[in-house]
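Dear colleague,

I am handing over the structure below, and my notes on a pocket and on the aromatic rings follow it. Please read them with the structure open beside you.

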Amino acid sequence: MASVMGDDIDILAKAKRALDADYTPSDDEEYMSARQLNYFRVLLLEWKKSILTASEFTLQSLQDGPIREPDMNDRASSETDWGIELRTRDRQRKLIAKIDSALRRIDEGEYGWCEVTGEPIGINRLIARPIATMTVEAQQAHERREKVSRDD
């Protein structure tokens, strides 16, 4: 599971490298200014493009043919690897939906604002997690409520 999370971080880091190196949003400028919104729009689009490129590789590998390992242990290992790869791609498919939602929020002027409290999410949080919809405090409260309801 750690490698799946690592893949998401690597893909996001790749998307950030594709951006203009001369600009990074900061707290010193107006919150969710046109320049900041453009930065996050480009970041989200690059992130989505990177995910789609990685999924094309998986699709091509699947189309190349079935696993034909003569040794049963090798075959089982290959099938396990494919299962992990497919779960990763499913997780990334869900991530694309969140990226599309963030792009929609940019278009509607809602990006960067907590959906629960209406407060600014914060530049540093958005740089770390561009699809964030809540402040750290609201997210923690949400997760505590989920845990309590799960425990009941």
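The second largest pocket has a volume of about 210 Å³, where a pocket is, on a 1 Å grid over the protein atoms alone, an open set of points where a 1.4 Å probe fits, with protein on both sides within 12 Å along at least five of seven lines. This is a predicted model, in which local features need pLDDT of at least 70 and side-chain atom pairs count only at pLDDT 80 or more, while totals for chains, interfaces and linings use all residues. Residues are numbered from 1 along each chain as its sequence is written, and side-chain values use heavy atoms, with hydrogens and water left out.

The lining of the second largest pocket (residues with an atom within 4 Å of a point) includes K98, R105, R125, R129 and Q139, and it divides into 3 nonpolar, 3 polar and 4 charged residues. Its largest share, 3 residues, comes from helix 3 (residues 72-108), helices being DSSP runs (H or I) of at least four residues.

As for the rings, there are 4 aromatic pairs, a pair having ring centres within 6.5 Å, with planes under 30 degrees apart counted as stacked, over 60 as edge-to-face and the rest as tilted. The rings of Y31 and W113 have centres 5.0 Å apart and planes at 85 degrees, so this pair is edge-to-face. Because Y31 lies in the loop between helix 1 (2-17) and helix 2 (34-63), and W113 in the loop between helix 3 and helix 4 (123-128), the pair ties together parts that are 82 residues apart in sequence.

Y39 and F40 also form an edge-to-face pair, at 5.2 Å centre to centre and 85 degrees between the planes. Together with Y23 and Y111, they form one aromatic cluster.

Best regards

Key: Points joined across faces, edges and corners; volume = space filled by probe spheres on them. Helix = DSSP H or I, 4+ residues; strand = E, 2+ residues; numbered from the N terminus. Nonpolar A, V, L, I, M, F, W, Y, C, P; charged D, E, K, R; others polar. Phe/Tyr/Trp six-rings, centres within 6.5 Å; stacked < 30°, edge-to-face > 60°.
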